[in-house]
Amino acid sequence: MSRAGAGRLTARGVVRRFGGIAAVDGVDLVAPPGRITALVGPNGAGKSTLFDCLSGAARPDEGRVLLDGCDITRLPEHARARLGLARTFQRIAVFPTLTVAENVLVGAEQVRRHGARAATDRALTLLGLAAARDAPAAELPTGTLRMVELARALAAGPRVLLLDEPSVGLDAAETARLAAVLRALAADGLPLLLVEHDTELVSELADAVYAMAAGRVVTAGPAARVLADPRVGLSWGEATG
């Protein structure tokens with residue numbers, strides 16, 4: 001899959017409020033081509049809300065979202081998808097009555113007028129799903145469904161890929177396969193932005209990490225430095241203790 005059209009996703013001063021409380025409070029972030037960028041922090045830090053603002057599921061109250069320098073802040077989710085912004089979800093979102101191939105084809109047909117079936121076949125092969133293409137999604141385990149959802153996003157030929165906790169529910173072998181796929185996608189030039197609680201996976205994969213707490217980015221930079229920052233450890237401790 002060629003990534004000649006890979007993009008750059010940028011957030012500038014993004015604010016999202018609920019009842020006067022800022023769930024996202026002035027976040028700046030860049031997901032550049034060919035890099036894996038991770039977003040970490042405790043539950044309630046604002047990570048998924050920020051993803052909603054980036055993907056178009058929610059509109060920021062302040063700030064801007066840019067794709068290759070073009071302002072997409074006011075575009076709805078489907079319009080952003082057509083521009084090449086694809087997302088997977090923390091809670092698996094597949095059609096249980098459809099087969100694996102049919103689920104992936106839905107993603108391809110959302111943005112392609114031609115070549116949807118070929119794109120579906122490529123995505124199934126890349127994710128190791130070709131042998132399960134005719135299996136109903138309802139019969140598959142969580143790890144396989146995670147790969148189905150990722151294949152559906154890739155079949156759309158994204159220019160930027162947002163992944164919300166992609167390793168949830170995966171065993172060690174499935175996590176290793178996911179990591180290998182994400183590395184290959186980044187090496188091919190695709191920008192990846194992922195929310196992830198698995199710090200070992202973040203440390204292994206991410207080129208850059210943004211750590212959030214209480215709606216704000218508290219530190220950002222290379223994974224080793226950010227994950228060793230006392231403020232990041234304190235944030236996780238507050239969430240889990």
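Predicted model: local features only at pLDDT ≥ 70, side-chain atom pairs only at ≥ 80, totals over all residues.
Author: Start with the helix pair: H3 and H4 cross in a right-handed way. Right-handed means the near helix is turned clockwise from the far one by less than a right angle. Helices are DSSP runs of H or I, at least four residues, and strands are E runs of at least two, numbered from the N terminus.

Reader: At what angle do the axes of H3 and H4 cross?
Author: Roughly 125°, and the axes of H3 (100-111) and H4 (116-126) come within 9 Å. Axes are lines fitted to C-alpha atoms, for helices over the stretch in contact, with angles from 0 to 180 degrees between N-to-C directions.

Reader: Which residues of H3 and H4 make the contact?
Author: Among them are Val 100, Val 104 and Leu 105 of H3, and Arg 117, Thr 120 and Leu 124 of H4. Contact means heavy atoms within 4.5 Å.

Reader: Switching to the sheet. What's the strand order?
Author: E6-E7-E8-E3-E9-E10, an open sheet of six strands with mixed pairing. Strands pair if DSSP finds at least two bridges between them. E6 (85-88) and E10 (216-221) are at the edges with a single partner strand each, so one side of each has no neighbour in the sheet.

Reader: And how many bridges join E7 to E8?
Author: Four, and the two strands run parallel. Leu 162 stands opposite Leu 193 in E8.

Note on methods:
Residues numbered from 1 in each chain as written. Heavy atoms only, no water.
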